[in-house]
Amino acid sequence: MPEKRIGKVVKSNNHCDYVVELDDRLAVKTPPTTEDYAFGTFVKLESEQRHWAVGVIYNTQLFNPSFLNSGPRLASDPSPFFAPDLQSEMRTLLGVVLLGSLEFSSGQPYGVQGIPKVVVPIHTLVYRMSEEEIYQFHQDRSARTQFAYYGLLLNSGGVFAPHVLRHILDQVSPMFYGQQRRALEILSRELAWKLTLGAMNA
Amino acid sequence: MSTWNGRADQQADKTLTPISPPATIVGTVKGPGPTPNQYVFITSAPDAIKAGEFVTYIGANQEPVLGKIVQVELLDHLPDRIFADVEIDPRAVAALIGFSEPNPEIFGVTVEIVGTFHPALGFVNPRQAPRPGTKVFLAEDDLLRAVLNRKAPEQQGAARLGDLLLRPTVPVVLDVKELVSTHLAILAGTGSGKSYTAGVLIEELLLPKNRAAVLIFDPHGEYGTLAEMQGHPAFVGEDGYSPKVQVITPDRIKIRISSLNFYDILTLLPEMTDKQKSILEKAFSKVVQSHAYRWTIQDLLEEVNATDSSQDGSQGSSAMALEWKLDQIERSPYFSNHEHLAPKDLFAPGQVTILQMNEISQEEQQVIAAAILRQANYARMNTHKGKILETEENYLPFPVFIVVEEAHRFAPAHEESRCKKVLRTILSEGRKFGLGVGLITQRPGKLDSDILSQCMSQFLMRIVNPVDQENLRHSVEAAGRDLLQELPSLSKGQVIVSGVCINTPVLCKVRSRLTKHGGETLDIIGIWQHHFRPQHRHEQRLKKAVPVPRRDPQIVDGVGID
């Protein structure tokens, strides 16, 4: 799956929790499909000048100003000036938690996981990452598998954090082999237990 | 032997104080522990942490405070599920999620404070937990050598039992004076090496530095191998001393009848009616009164006949029955009218006498032991007080030490026995005039608890029986609850030493015996296998073979050849 633009940063809740407004057909020629911004999708935040950060979609929200606004109108023909186009005011907002960044400085790109130091500016474009980039993000400088954002995501990923993690693990595990893959599967099993039988015991 | 009564060795003790600063840091104090006498320290390197290991910290007076590790608890650890996959190292998973420290686990170690060492007072408890953040060190070998033992290994009055279990370089040296004067008990399950340990102690007592006078009641004939001490180079002193080992086999055991008391005789006789008992008691008191020195069974019989005779002078029925029963004692090979094992024959400094009683019935063993113990007690007490002349057989001018194997038979917990009373007397009073007892048993639960509590040094070895363990918890408090918990997990030859012979209870590995051990289990499989060896089978066939019949006489030329 190649990289694809899906929206731009419009707000942040804290240093690593950003709100991304999804591109619609009025903003771009080919708006992203629903699969492009699915729950647990890896995204990168980049402007023309630089790469800012890597994050993951941990939440989505539909924004509709006309919700509960469908009562009878006084005028039969609403004025276009006072009643803007309802269709263009509907928005899909994506919650993105930042997990680190990609480092391109030497040879093969690799991932630097953890909270990024920089603040991502408003209107920074957000792209869905390719599989190649996701693989690179999960490798450290010495090409060893890393999953160091595990704790960060669990704490910052909202109520669905364990589910996002499990989704990510299912997505990432097949990219690796041998011991590395086995270790990721152990983490996946631990989460599966917490989400299913662990929830029963709690 | 002069150390027995005097306090001369206290001066030697004062040399045991130098303490070098400890070196290896094993952790940092977290704070006070579960009890006022404990503290907890934190470590992430568990390799040096062993239950029973000695550690120190520098106390308020800049002196090392010794403590013993009693419990190790895992405080922070990796999630259990990470351990469920046997193929992958849990640390690899931890590293994957960003934790790459070499020691992820944190341990909380509880330490029982032993105290700071004072040469005169022993260990003094600081009664204060160390401050949080204080460094905890592994106690150095030199420090342990200086403070655990009261004596240096080669010093006079020292017995080197073995080495610390966790520090093979630190010898465990016992104070012989305390050991033999305040009595000791070796309590151990079958096959855990109790007679081996007793053998080591006796070897130490007989070394040129100690030269004790020892008697062993040996109901199983296990101690005969101690005879190897005679002529053994390790036992030869600079002045030519060499220990003497006297093995008294059952056929040489002779107890003079007049040294028995009424109840001894009652024990030896079969069941009797009340009338017979009454007649015997009367006759016994008369014969003791009329024969100030010695009397024989015949004298007793005469008194019995005199007591129970009808007016015409004929023998009463009870006297007839008693005569038959008393004849049994006279026929016994172990009781005699004249021959006797006097204290003079049994005891001498630098000599161990082994009284083998393996073929003697239990009742007779009881009476023999009671008679010998009573006489030794009498001899020591009166010689000490100066009431016995040098020429008398009861003259015993030196302290003695008596080892009683299978002590639960001689002093059982809930029943009367001939020995129990005399053992009680010796254990409570023997210390004053140098008569020490060492009790060895495999059933501490069956041993009389009053007697056990009088043994001030204890040697505890592997005991699995829960009743015995429970009994020990109540009667041997000195060892400490933490060490008593170790009892079922000890291996052969590992012993918990506690009591007055050592400064603090320790876990010790008993040293190898210089002489051969005599109490080993039979090589049962070897003997069974031997039965089927070819040459052995041939011998068996020869033994079973029917003799070849004698040939019939032949006749040659009409003449018979026989």
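The model is a predicted one, so local features need pLDDT of at least 70 and side-chain atom pairs count only at pLDDT 80 or more, while totals for chains, interfaces and linings use all residues. Residues are numbered from 1 along each chain as its sequence is written, chains are lettered from A and ligands numbered from 1 in the order in which they are written, and side-chain values use heavy atoms, with hydrogens and water left out.

Chain A comes out with six helices and seven strands, taken as DSSP runs numbered from the N terminus (helices H or I, at least four residues; strands E, at least two). Along the sequence, the pattern reads β-β-β-β-α-β-β-β-α-α-α-α-α. Of its 202 residues, 43% count as buried, that is, under 20% relative accessible area with a 1.4 Å probe and protein chains only (exposed is over 50%, partly exposed in between). Taking contacts as heavy atoms within 4.5 Å, residues 24 or more positions apart account for 69% of those in chain A with a separation of 6 or more.

Turning to the interface, chain A puts 14 residues into the contact and chain B puts in 10. About 1200 Å² is buried between the two chains, 66% of it from carbon and sulfur atoms; this is the accessible area (1.4 Å probe) that two parts lose on being put together, summed over both. Arg182(A), Ile186(A) and Glu190(A) supply 40% of the area that chain A buries against chain B, more than any other three residues. There are two salt bridges between the chains, each a side-chain nitrogen of Lys or Arg within 4 Å of a carboxyl oxygen of Asp or Glu. Arg189(A) forms a salt bridge with Asp85(B), with the closest N and O atoms 3.4 Å apart. Helix 5 (residues 178-195) of chain A gives the most to the side of chain A that touches chain B, with nine residues.

Over in chain B, strand 10 (residues 184-187) points Leu184(B) and Ile186(B) one way and Ala185(B) and Leu187(B) the other, and all are buried. Strand 10 pairs in the parallel sense with strand 17 (residues 435-441) over four bridges, where pairing takes at least two DSSP bridges. Ile186(B) stands opposite Ile440(B) there. Four bridges also join strand 10 to strand 18 (residues 457-460), again running parallel, and Leu187(B) has Leu460(B) as its bridge partner in strand 18.
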